[in-house]
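I opened a new notebook page for this structure.

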Amino acid sequence: MTTSPTLYLFCSAAPPLFDVAQTIEAAQADGWDVCLGLTPTAARWLEESLDGLAVLTGHPVRFEYKRPGGPDVWPKADVILFAPATFNSVNAWALGLTNAFVVGVVAEAIGKKIPTVTMPCVNAAYVQHPAFGRSVQTLREAGVTVLYGEGGFVPNQPGQGRPEGYPWRLALDAAGAVRRQQEGSER
């Protein structure tokens, strides 16, 4: 019996979040068993859809830490994809500030050597802040695949976002590539 590899799909509150159901379906078509995790704000944005998303994935949607000693309700991750990752989430992750469940999991994933891909969703004004570039560099140095800049997410000017143009396919392909790379190194 073979089982599908598990993809933790984590999302921050950015407009591409509203395409998450289609993204889950695309990931499932790629052969992933998908578990959806959200920042608290993203969970509020999708509040009316959470039950349907749980049915779609076959797993509870998580946005809070479990209680100590509580059961793990998800299978172990083979790959984590954090997209869209906002300015706040990227900076918190790089600094190790783990108030949000999904940020805590990806911070720990570095030490656990779980292959992790992230694709920010930030506007051109945010990326001018010096913390953002340092955070991207910190995550890359920690082994995270960061899809930002040429060949990844390219920021729009403030107020000119194009959520429909968010490159979800690029993110899913990168998750598949790190999974194949991991499988190759395990042989």
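The entries below follow the order in which I looked things up.

**Entry 1. Ground rules.**
I am working with a predicted model, in which local features need pLDDT of at least 70 and side-chain atom pairs count only at pLDDT 80 or more, while totals for chains, interfaces and linings use all residues. Residues are numbered from 1 along each chain as its sequence is written, and side-chain values use heavy atoms, with hydrogens and water left out.

**Entry 2. The sheet.**
I looked up the strand order and found an open sheet of five strands, E2-E1-E3-E4-E5, with parallel pairing. The edge strands are E2 (33–38) and E5, each of which pairs on one side only. I take strands (E, at least two residues) and helices (H or I, at least four) as DSSP runs, numbered from the N terminus. Two strands pair if DSSP finds at least two bridges between them.

**Entry 3. Strand E3 and its partners.**
I went to strand E3, residues 79–85, and found that seven of its seven residues are buried. Buried means under 20% relative accessible area, exposed means over 50%, and partly exposed is in between, with a 1.4 Å probe and protein chains only. Strand E1 (residues 6–11) pairs with E3 in the parallel sense over four bridges. On that side, I noted Ile80 of E3 as the bridge partner of Tyr8. E3 also pairs with strand E4 (residues 116–120), again in the parallel sense and over four bridges.

**Entry 4. Strand E4.**
Is E4 enclosed or open? Five of its five residues are buried, so E4 is largely enclosed by the rest of the structure. I checked which way its residues point: Thr116, Thr118 and Pro120 go one way, Val117 and Met119 go the other way, and all are buried. E4 pairs with strand E5 (residues 145–146) in the parallel sense over two bridges. Thr118 stands opposite Val146 in E5.

**Entry 5. Leu7.**
I picked Leu7, which lies in strand E1. Leu7 has a relative accessible area of 0% and is therefore buried. What does Leu7 contact beyond its neighbours within four places in sequence? The list is Ala27, Trp32, Asp33, Val34, Cys35, Val79, Ile80, Leu81, Leu172 and Ala175. Contact means heavy atoms within 4.5 Å. I also looked up the separation of Leu7 and Ala175: they are 168 residues apart in sequence and 8.2 Å apart in space, C-alpha to C-alpha.

**Entry 6. Arg179.**
I found Arg179 in helix H7, residues 168–186. Is Arg179 buried or exposed? Arg179 counts as buried because its relative accessibility is 15%. Not counting residues up to four places away in sequence, Arg179 touches Pro5, Trp32, Asp78 and Val79.

**Entry 7. Cysteines.**
How many disulfides are there in the whole structure? My search of the whole structure gave zero. A disulfide is a pair of cysteine sulfur atoms within 2.5 Å. For Cys11, the closest cysteine sulfur is in Cys121, 11 Å away, so the two are too far for a bond. For Cys35, the closest cysteine sulfur is in Cys11, and at 13 Å that pair is also too far for a bond. Cys11 counts as buried, at 0% relative accessibility, and Cys35 counts as buried at 0% too.

**Entry 8. Largest pocket.**
A pocket is an open set of points on a 1 Å grid over the protein atoms alone, where a 1.4 Å probe fits, with protein on both sides within 12 Å along at least five of seven lines; lining residues have an atom within 4 Å of a point. Its volume is the space filled by probe spheres set on the points, which are joined across faces, edges and corners. The largest pocket holds about 520 Å³ of space. Its lining has 16 residues, and Tyr8, Asp72, Val105, Glu108 and Lys112 lie nearest its centre. Which helix gives the most to this lining? Helix H5 (residues 101–112) does, with six residues. By class I noted nine nonpolar, one polar and six charged residues in the lining of the largest pocket. Ala, Val, Leu, Ile, Met, Phe, Trp, Tyr, Cys and Pro count as nonpolar, Asp, Glu, Lys and Arg as charged, and the others, Gly among them, as polar.

**Entry 9. Second largest pocket.**
The second largest pocket holds about 410 Å³ of space. It is lined by 25 residues, with Cys121, Val122, Asn123, Phe153 and Asn156 nearest its centre. The lining of this second pocket divides into 14 nonpolar, 10 polar and one charged residues.
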